[in-house]
Amino acid sequence: MVRSMTGYGRREGMYGSLRLTVEMRAVNHRFCEILVRLPKAWGMLEEPVRKLVGQYVRRGRVDVAVTVDAGGLTGQGIAIDWAVAEQYVSAAREMNERFSLQSPLTAKDLLLLPGVVQNRDVAEADAEQAAEWLLAACREAAEDLLSMKRKEGLQLQVDLEQRLARITAWTQEIGQMAPLVVDEYRSRLHQRMAEWAETAPFELDAQRLAQEAAFLADRSDISEEVTRLTSHCSQFAEQLGREEAVGRKLDFLLQEMNREANTIASKANHLPIQRLAVEIKTELEKMREQVQNIE
């Protein structure tokens, strides 16, 4: 089943006095890119979270944001990361000395710097239990994300199948007209050459004229292009039924289908066929816009 690259997933949960919120936003991207933002105290879980989300995403960019809040519940207050505070103080002292500054760093300044103040519950939570809790919430959010991607993917697939059915029908119609086009073109060439031969001031080689007419008529033969276009339509339909990431393959097939439609329009000196070729190209352009959203 086709899956969209865009989607949204969200989950909330409680761990003691802490409220955990996991949000996942997926957008179009050429490759698979997963960005994870976690509270500093749980930064070691970034890679496990990325691997977990990677099980649900085959292509596209996913932003994973995990926030933890005491929510005014009965927590244990705040914790100071003294190591981080000491690094800020040391850096400030060195800058003052190097640049001859007189700007002391106050306690208020330190409390406002990133990483100095942490929620005590977050800082002191049992690492193993916290990891299990966080990953479970991420898995639920990823399931939400996947569900939305599948629903949108189903709508994309229905639209693509309908457009593909129209292209297939038009291609069959062109295929039925193709042999007649060659015969009509050859007949017109013979007639024009015969008329020209009657008025030419010198004698023309009738056999050579016939050969040239046959050669020009063969150049208007579009049977190979029709066969390839039909094959591409079949391959496209087959890819729509696969479970793997098919977005790039579908995009490549659409490029090839557009190439064949262009060749048919240029080779066939036949107005009905040219009109159908234009209709095919119009549908292909709409399909390509949709395929840009598929994993």
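So, M14 pairs up with R19: that's its bridge partner over in β2. This is a predicted model, by the way. Zooming out from that pair, β1 and β2, which covers residues 18-27, run antiparallel and are joined by 9 bridges. For anyone who wants the reminder, strands of a sheet pair through backbone hydrogen bonds, either parallel or antiparallel.

Okay, the whole sheet. It's an open one, 4 strands, in the order β1-β2-β4-β3, and the pairing is mixed. Which strands stand at the edges? Those are β1, residues 7-15, and β3, residues 32-37; each has a single partner strand, so one side of each is left without a neighbour in the sheet. From one strand to the next, the twist averages 10°.

Now over to α9, residues 271-291. That's 21 residues, and from first C-alpha to last the helix reaches 30 Å, close to the 30 Å you'd expect at 1.5 Å a residue. Its buried residues are I273, L276, A277, I280, E283, L284, M287 and V291. They cover an arc of only 130° around the axis, which puts them on the same side of α9. Here's the background: an α-helix has 3.6 residues a turn, so residues three or four places apart point the same way. On the other side of α9, R275 and E289 are exposed.

Last bit, cysteines. How many disulfides does a search of the whole structure find? It comes back with 0. As for individual cysteines, C32 is partly exposed at 40% relative accessible area, while C138 is buried at 0%.

Technical notes. Residues are numbered from 1 along each chain as its sequence is written. This is a predicted model: local features need pLDDT of at least 70, side-chain atom pairs count only at pLDDT 80 or more; totals for chains, interfaces and linings use all residues. Side-chain values use heavy atoms; hydrogens and water are left out. A disulfide is a pair of cysteine sulfur atoms within 2.5 Å. Buried means under 20% relative accessible area, exposed over 50%, partly exposed in between (1.4 Å probe, protein chains only). Two strands pair if DSSP finds at least two bridges between them. Helices (H or I, at least four residues) and strands (E, at least two) are DSSP runs, numbered from the N terminus. Axes are lines fitted to C-alpha atoms, for helices over the stretch in contact, and angles run from 0 to 180 degrees between N-to-C directions. The expected span of a helix is 1.5 Å times one less than its number of residues. The arc is that of the directions from the helix axis to the C-beta atoms.
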